[in-house]
Amino acid sequence: MKLPAYLKRTAFWGLGISLLITLALSAWLFRAGVNELQLQQRHRIAVMHANALSLAISSTDVEETAKRVREIQKFDPGIESLIVVKGTQLVASTNAADSAPRQLKRDEKPLYDLSNLLRTARETNRGEGVVRNKTIWVEENKPGHIQVSLPYLLNGEFAGIVQMRFNLLQPAMNIRLEDSGALPILIFFGALLVGGFLKPTSERRMDPAKLMAIAAFLLSALFYQQQRLDRLEQVWVNGNRVVAANYLETAEQYDRAGYLPLVRDPASANLWDTDHYQRPLELIAADGSSTDTEYGAKAADRTSFIKPILWAIDILGIGILLLIIFGYAERMYAAFKQHIYAYVYIAPAMIGMFVLVFFPFAYGIALAFTDTTLFNESLPFQERLIGLANFKAILGDFNLYERTADGIIWNYANFYWTLFITVLWTVSNVFIGVTVGFLLAMALNTEGLRGKAIYRVLLILPWAIPNYITALVWRGMFHPQFGVINQVLQMFGLEPVKWFDGVVSSFITGVATNGWLSFPFMMVVILGALQSIPRDMYEAAEVEGANRWQRLRFITLPLLKPTLIPAIVLSVVWTFNMFNIIFLVSGGEPAGANEILVTKAYKLAFENYQYAYAAAYSTVIFIILLAYGVFQTRVSKATESF
Amino acid sequence: MGTIQRILVAAVLFAGMTIGKAQATELVLWHAYRGAEKATIEKVAKLYESKMAGKAKVTTLAIPYDAYADKISASIPRGKGPDVFIYAQDRLGGWVESGKTVEPIGFYMDDATHKQFLPGMLDAMTYKGTIYGLPLNYKSITLIYNKALVKTPPKNTTELVKIAKALTDANSGRYGLAYWYTNFYFHAALMNAFGGRVFDQDGKLVLNSPETVASIKQMMKWYKQDGIMPTEPSETLVSSMFNEGKVGMVFNGPWYIGEISPNIDYGLAVLPVVDEAGKKPMRPWLTIEGAYVSASSKQKEAAYDFVAFLASEEAGLLLSLEGRQLHTNAAIYNDKRVASDRILKAFHDQLSSAEPMPNRAEMTMVWSPVTTAMNKVVKGNSTPEAALREAAAAVQESITALHKGR
């Protein structure tokens, strides 16, 4: 047997391709990770200098401030320029051409605006007692060219901003991940060798060879990734030492110049080395000391941003491996080659679907794993990631009712209450739609019925009118004082009902409106199916002595089933997400008790601005409907006839 | 003329056109106006072009109202959209907080511009101490009465109740007073009279205050004890009752004037003084539309100049007289044509006791819980105190979820 043909039957290709992709992606990721750490380190140094400057001029007069600004620029060759802005005044600048102090020019408006932005951020953080707005703005438009802006506080009061520009790309700042290409290549060939001896069966089920291939994949990938993670932590620790050294050098300069004393106390917090919210990072102490043993945990903390992406890469790799060793990849390729034209023909539609359906859908799901709200949507996506917390908050909240002296009070804001209402709403609406639709279809199907065409048009009318108009009309009819329904009730001497006050009566308003809207569809579908049932079947049954009920039970209903089931499936999905009726008729009254899941999601997103929470809500709705769809198709098997 | 000559002439003409175009700054204005307002804003834009003598070209684009806010939120932060847009103050806080949407313009403003506006107008355009737009027009509710039923409009609530009681006959569906009292926007006039607030100066929620409770009790007195108002009010109910002559007085805004039936001879007056609140006047909320410079505009200075023109006296007169807007420029109310217009004058009179609606993003979370609370109280399912406490707790919960620390 020739080698290529032999290898084709082993896990050689599967392991080879999946590992190649995984290792290449991991290597690329770690390179990006090192770049990210270098960037963070540069920004830390820049922020440190800016904090120090701001502290050094926090109680000096204009001349002293200008003098210190000029001196401080000489402290570090990395500092390119410094300016201090107070209100609409340029107080000090290291650029002689600026001729500070003077008024800001018209094209210097961004400085004034930035100053207002930082003032607001500071005040908001204090006023709300929650730190949520950045008070340090770091920009790096070209690598190494960093601009830091932060509040300029004069005697504890906000006065303006301090802005520093740096050029921080000196070799000493760059710590590299010593790259040796040997390790991944070694791992890769080892895995290939193993793959050459594993012979999975071509059947579509698990066998020991497949399991071993997966194990070999995981072992190789995780070993490599762990090794790289350790190196990355080392890089961070080294970087932290560089920052600490830079800190100590600068702090001594400030100390010597008499601007700021150097506190030689390892227990004291370092106020220069802060995050962008001006909270101390607590990675180096005030005396510049750092003990590496302590940094083990912190380094792991600082490099953990890479782990979720690693997981994603590993899952992708396993997916590719399974695709190949189960033979799907080969079959897909064959199908693709055979029907290449078909794929070309559907390509435009697929691109359209991707842009209009799949991308927004994927974005919505991704959003569900963040804590995005109106207030933080401008932050980078990574900073907003919070994992499964939204789903935990939605599904894990069992605070469904409260026992009080007056009895049980239901918590209408709870997810499970809303789910219960949604299911009840769907079931009752579909039941009404199908029953009324069926009865009317049977009536219209009567032979020799006069004016059939007129009846049919009249009965389809509710469907033809835009549903929000119908909803508003019904809402008016349910008005407690002036609505026609209560007036009719009063005509018969009954008490008027305050429809939107009670949970049940308010629910009925929605069901009545939607029932009115949904029966025409069912009627049309059933009528079509009824007319396709051959008459001779009924005649034969009649000859056999079947009565009307038996004819209905054993001929009509079974023959309706293939049409009815898909119609019901569709109708359930529509009703489950029937936004207009609930929103316009009862608006979820009273107190949100009659809200269904979609209207609730809408309110969360557009009234409460909790975009991510609403996205998680919608994802849960999608999963429920997906599960329902799969279940329905399995149980009925009705769609198989299509 | 030979072919070559023709081509040359055409080329020269074309070049001339493109150069001429390149000199004019092209500004795009978005608004959501229709009818007379749309025609007037277009006229104002043309006027600006002619004043700038070819140095500016303004393209106006009317966007359907229901899609307008979302279109702004979606396009401007991504570098698209207009240079200038007109919107009410209610969205301002949200746009500032989410960033990259509205440009702060305080830096461009001179003292004269600061002083040209009616009192309170600039506050609506100010968010956390920074000015983001120039106010253009305002709307508030006022007292509108049927002259056939009410001879002289009431000055205070004692008179109001007296007049209203005389008109009320619940059995035949006639009432003295009607307004959408379960809607928080309409109720705010009473709340402000008692000194209730939604947010304090630092933005803390102070909805659940004795003042606000007192204002709800006042409303309940009119509804239950005096019985001068119909049940389950809504915009359409108020409007149809007034048009049928079944109600003497309504509280409503300028948007409602066009809906009044031509058979009704109506008058306008300032909302009454609330005797129960220590003779303080009812202070309705002002909705103030402003013109904003887009944060992604490439020509912000030119855009600001146009915004300043929109807020000027000259544009204000056009927008008031032809667009039927209540412009914010104080100077136009000295004009004879404006002063003799009874509708413009009436709403301008109401302005002396009115205040801007909060422009915080958190405000959208207030409407629904408070409306629920008001409905509960009106239907007798809860006391003002308990309902308001619950509503405030619900709003606070939503706000806390939004104000999440990093």
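1. Start with B:K128. This residue sits in the loop between β4 (126-127) and β5 (130-131) of chain B. The model is predicted. In the model, phi of B:K128 is near 50 degrees, which is a positive value in a residue other than glycine. Is B:K128 buried, partly exposed or exposed? It counts as partly exposed, because it has 19 C-beta neighbours inside 10 Å, and a buried residue needs 20 or more.

2. A:N155 has a phi of about 50 degrees, although it is not a glycine. Look for A:N155 in the loop between β5 (145-154) and β6 (157-167) of chain A.

3. Now take chain B as a whole. It has 16 helices and 14 strands. Its C-alpha atoms fill a box of roughly 90 × 60 × 40 Å along the principal axes. The chain has 406 residues, and 46% of them are buried. Consider next the contacts in chain B with a separation of 6 or more: 74% of these join residues 24 or more positions apart.

4. Chain B is divided into two parts. Domain 1 covers 23-139 + 286-356, and domain 2 covers 142-283 + 360-402. Each is written as two stretches of sequence, so trace both on the model because the domain bounds are assigned that way. The centres of domain 1 of chain B and domain 2 of chain B, taken over C-alpha atoms, are separated by 29 Å.

5. How many residues of domain 1 of chain B are in contact with domain 2 of chain B? There are 15, and they meet 14 residues of domain 2. On the domain 1 side, α4 (92-98) and α14 (342-350) of chain B are the elements that give two or more residues. α14(B) gives the most, with 6 residues. By class, the domain 1 side has 5 nonpolar, 4 polar and 6 charged residues.

6. B:V161 is found in helix α7 (residues 157-167) of chain B. Why does B:V161 count as buried? It has 21 other C-beta atoms within 10 Å, and 20 or more is enough. B:V161 and B:G227 are 66 residues apart in sequence, yet their C-alpha atoms are 9.4 Å apart in space. Leaving aside neighbours within four places in sequence, B:V161 is in contact with B:D226 and B:I228.

7. Next, a helix pair in chain B. Two packed helices are described by the angle between their axes and the distance between the axes. The axes of helix α9 (residues 210-225) of chain B and helix α16 (residues 384-402) of chain B come within 9 Å and cross at roughly 130 degrees. That angle makes α9(B) oblique to α16(B). The crossing is right-handed. From α9(B), the residues B:T212, B:V213, B:I216 and B:K217 take part; from α16(B), they meet B:P384, B:E385 and B:L388. This contact divides into 4 nonpolar, 1 polar and 2 charged residues.

8. Chain A has a helix pair to set beside it. Helix α20 (residues 579-586) of chain A and helix α21 (residues 597-606) of chain A have axes that come within 8 Å and cross at roughly 70 degrees. α20(A) and α21(A) are therefore roughly perpendicular to each other. A:F579, A:I582 and A:F583 of α20(A) make the contact with A:V598, A:T599 and A:Y602 of α21(A). By class, this contact has 5 nonpolar, 1 polar and no charged residues.

9. Chain A is divided into three domains. These are domain 1 (3-39 + 181-324), domain 2 (43-173) and domain 3 (418-609). The C-alpha centres of domain 2 of chain A and domain 3 of chain A lie 66 Å apart.

10. Finally, see where the chains meet. In chain A, 31 residues are in contact with 29 residues of chain B. Which element gives the largest share of the chain A side? Helix α4 (residues 109-128) of chain A does, with 9 residues. The chain A side divides into 10 nonpolar, 10 polar and 11 charged residues.

Conventions
Residues numbered from 1 in each chain as written. Chains lettered and ligands numbered in written order. Predicted model: local features only at pLDDT ≥ 70, side-chain atom pairs only at ≥ 80, totals over all residues. Contact = placed C-beta atoms within 7 Å. Helix = DSSP H or I, 4+ residues; strand = E, 2+ residues; numbered from the N terminus. Nonpolar A, V, L, I, M, F, W, Y, C, P; charged D, E, K, R; others polar. Buried ≥ 20, exposed ≤ 12 C-beta atoms within 10 Å, placed from the backbone. Axes fitted to C-alpha atoms, helices over the stretch in contact; angles between N-to-C directions. Parallel < 35°, antiparallel > 145°, perpendicular 65-115°, else oblique. Left-handed = near helix turned anticlockwise from the far one by under 90°.
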